[in-house]
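Please consult the sequence and the structure while reading.

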Amino acid sequence: MISFTLNGATQSVDVEPDTPLLWVIRETLGLTGTKFGCGIAQCGACTVHVDGSTRRSCVTPIGTVEGSDIVTIEGIEGPEAEAVYAAWVNVDVPQCGYCQSGQIMSAVNLLQNQPKPSDADIDGALSGNICRCATYFRIRQAVHEAASKLEG
């Protein structure tokens, strides 16, 4: 049994330690907001927070997160998450939407660590999240809008 906290609830799963965290989240625990994209940590669709940092769940063996605090798109909360959600809707960021959970997880993590990011900060923090619809300009605009809302 491998135990960890997922979205604030203690979980114990009986899977092989090398099972990717993404499959445990999606298949074992039934939370499908975290997406499978490339399977090699290149697209960011599977981004989750592990102990407060972004992590690509498709290449993270579940055995390496024993005892960790994991947050998915279904469990993200707090002022940064609320500001990002509101800005995403206001700016109308998504097109197909497939990458958006990973984009939002990275944007929230950026604002938790850098409340007033520059364009370069945003581009750097989200550079591992690929959007095949190329909504990068609107993503950057939404992150700036969320940061402004957090300032008051």
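Helices here are DSSP runs of H or I with at least four residues, numbered from the N terminus. The model is predicted.

Asparagine 129 lies in the loop that joins helix H4 (119–125) to helix H5 (136–151). Buried means under 20% relative accessible area; asparagine 129, at 2% relative accessibility, therefore counts as buried. Its side chain reaches the backbone oxygen of glycine 44 at 3.1 Å. Leaving aside residues up to four places away in sequence, asparagine 129 touches Cys43, Gly44, Thr47, Arg56, Gly102, Gln103, Ser106 and Tyr136.

Two packed helices are described by the angle between their axes and the distance between the axes. The table gives these values for two pairs.

| Helix pair | Angle | Distance between axes |
|---|---|---|
| H2 (residues 79–91) and H3 (residues 100–113) | about 130° | 9 Å |
| H3 and H5 | about 40° | 11 Å |

With this angle, H3 is oblique to H5. H3 passes H5 in a right-handed crossing. On the H3 side, Gln103, Ala107, Leu110 and Leu111 make the contact, and on the H5 side Ile139, Val143, Ala146, Ala147 and Leu150. These residues divide into 8 nonpolar, 1 polar and no charged.

H2 and H3 are likewise oblique to each other, and H2 passes H3 in a right-handed crossing. Here Glu80, Ala81, Val84, Tyr85 and Trp88 of H2 meet Gln100, Gln103, Ile104, Ala107, Val108, Leu111 and Gln112 of H3. The residues of this contact comprise 8 nonpolar, 3 polar and 1 charged.

Key: Residues are numbered from 1 along each chain as its sequence is written. This is a predicted model: local features need pLDDT of at least 70, side-chain atom pairs count only at pLDDT 80 or more; totals for chains, interfaces and linings use all residues. Side-chain values use heavy atoms; hydrogens and water are left out. Axes are lines fitted to C-alpha atoms, for helices over the stretch in contact, and angles run from 0 to 180 degrees between N-to-C directions. Helices (H or I, at least four residues) and strands (E, at least two) are DSSP runs, numbered from the N terminus. Angles under 35 degrees count as roughly parallel, over 145 as roughly antiparallel, 65 to 115 as roughly perpendicular and the rest as oblique. A crossing is left-handed if the near helix is turned anticlockwise from the far one by less than a right angle, and right-handed if clockwise. Contact means heavy atoms within 4.5 Å. Ala, Val, Leu, Ile, Met, Phe, Trp, Tyr, Cys and Pro count as nonpolar, Asp, Glu, Lys and Arg as charged, and the others, Gly among them, as polar. Buried means under 20% relative accessible area, exposed over 50%, partly exposed in between (1.4 Å probe, protein chains only). A polar contact is a pair of N or O atoms within 3.5 Å; within protein, one must be able to donate a hydrogen and the other to accept it, and residues adjacent in sequence count only if both atoms are side-chain atoms.
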